[in-house]
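The entries follow the order in which I looked things up.

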Amino acid sequence: MIARSKNVDQFSIARSHSNPIAHSIYNARMWGYVISGTALSAAATAAYQSMAPTGQWYGQTFRGLPPPFGQLALTYDDGPNDPHTRQLLDVLAKHNVLATFFLIGRYVQQRPEIAREIAAAGHVVANHTFTHPLLTFKSENEIRQQLLDCRAALHDAIGQHSNLFRPPFGGRRPAVLRIARELGLEPVMWNVTGYDWTAPPAAEIERKVSRQVRGGDVILLHDGGHKEMGADRSQTVIATDQILTRNRSEGYSFVTIPQMMTKS
């Protein structure tokens with residue numbers, strides 16, 4: 001008879017039903033791996049849902065309409081921004097299109113005249129917090145203050161404005177949406193993006209948007225940058241002209257978020 005090695009893998013021993021103690025050890029360890037893996041998977045999914053623009057785990061948000069739908073909504077984050085917001089207003093006026101602008105409160109305070117020009121042109125002005133923090137990691141008091149401070153900045157600059165709100169980076173948890181709604185704000189996300197925050201060439205921005213469009217889409221672009229006033233958004237301005245030209249030729253019309261919401 002060949003003697004067993006003293007270093008036999010105890011998992012192999014545990015597989016034997018003739019060794020109930022070792023078998024229990026094996027089962028316990030395997031359940032530990034399963035539970036740990038499940039917990040990691042759940043944590044990853046939860047993190048994804050807190051940032052994914054179309055995720056709905058933590059509460060319903062408007063993110064467009066089901067295709068096919070003949071309307072698209074252009075939305076711009078992180079303004080007002082000098083000079084690119086004004087250049088963008090010229091492009092939108094050229095195409096006779098209205099958009100929705102989610103403005104950062106501290107920039108509104110710095111350049112209230114640009115915020116007034118956005119509103120005067122008929123575009124929708126909305127809340128994008130006061131300093132653009134990731135609200136997922138902020139206390140409830142901080143979340144509320146960010147929204148209230150932005151609301152006050154918008155009111156001081158333009159008076160009446162929409163009740164729409166977009167969380168910076170798309171970051172949200174149940175408290176973010178609850179507090180927003182307690183303040184009478186309606187959360188708005190997106191389902192198409194041009195990935196323009198790194199200022200890639202306009203053709204690349206337009207291509208990425210057009211590849212995703214199916215109809216009923218909320219398109220995310222940026223007329224400013226959350227880090228500082230003066231972010232280069234010249235390529236977004238050019239891309240907007242291209243997006244409007246291409247998608248109108250394909251039969252789409254462009255509306256504001258409130259207009260699109262009336263169809264939902």
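Before anything else I noted that helices (H or I, at least four residues) and strands (E, at least two) are DSSP runs, numbered from the N terminus. With that in hand I looked just past helix α5 and found Gly122, which takes a positive phi of about 95°.

I wrote down that this is a predicted model, in which local features need pLDDT of at least 70 and side-chain atom pairs count only at pLDDT 80 or more, while totals for chains, interfaces and linings use all residues. Residues are numbered from 1 along each chain as its sequence is written, and side-chain values use heavy atoms, with hydrogens and water left out.

**The whole chain.** I listed 10 helices and eight strands. Of the 264 residues, 46% count as buried, where buried means under 20% relative accessible area, exposed over 50% and partly exposed in between, with a 1.4 Å probe and protein chains only.

**Helix α5.** In α5 (residues 112–120) I found Ile114, Ala115 and Ile118 buried. They cover an arc of only 100° around the axis, which puts them on the same side of α5; the arc is that of the directions from the helix axis to the C-beta atoms. I recalled that an α-helix has 3.6 residues a turn, so residues three or four places apart point the same way. Among what covers the buried residues of α5 are α3 (84–94), β3 (124–127) and α6.

**Helix α8.** For α8 (residues 202–212) I noted Ala202, Ile205, Glu206, Val209 and Ser210 as buried. Seen down the axis of α8, these residues fall within an arc of 120°, so they line one face of the helix. They pack against β6 (192–193), β7 (218–222) and α9 (234–249), with contact meaning heavy atoms within 4.5 Å. Ser210 has a relative accessible area of 13%, and, leaving aside its neighbours within four places in sequence, Ser210 is in contact with Arg246 and Asn247.

**Helices α6 and α7.** Last, I looked at α6 (residues 140–158) and α7 (residues 174–182), which pack at an angle of about 45°, with their axes 10 Å apart. Axes are lines fitted to C-alpha atoms, for helices over the stretch in contact, and angles run from 0 to 180 degrees between N-to-C directions. The two helices are therefore oblique to each other, since angles under 35 degrees count as roughly parallel, over 145 as roughly antiparallel, 65 to 115 as roughly perpendicular and the rest as oblique.
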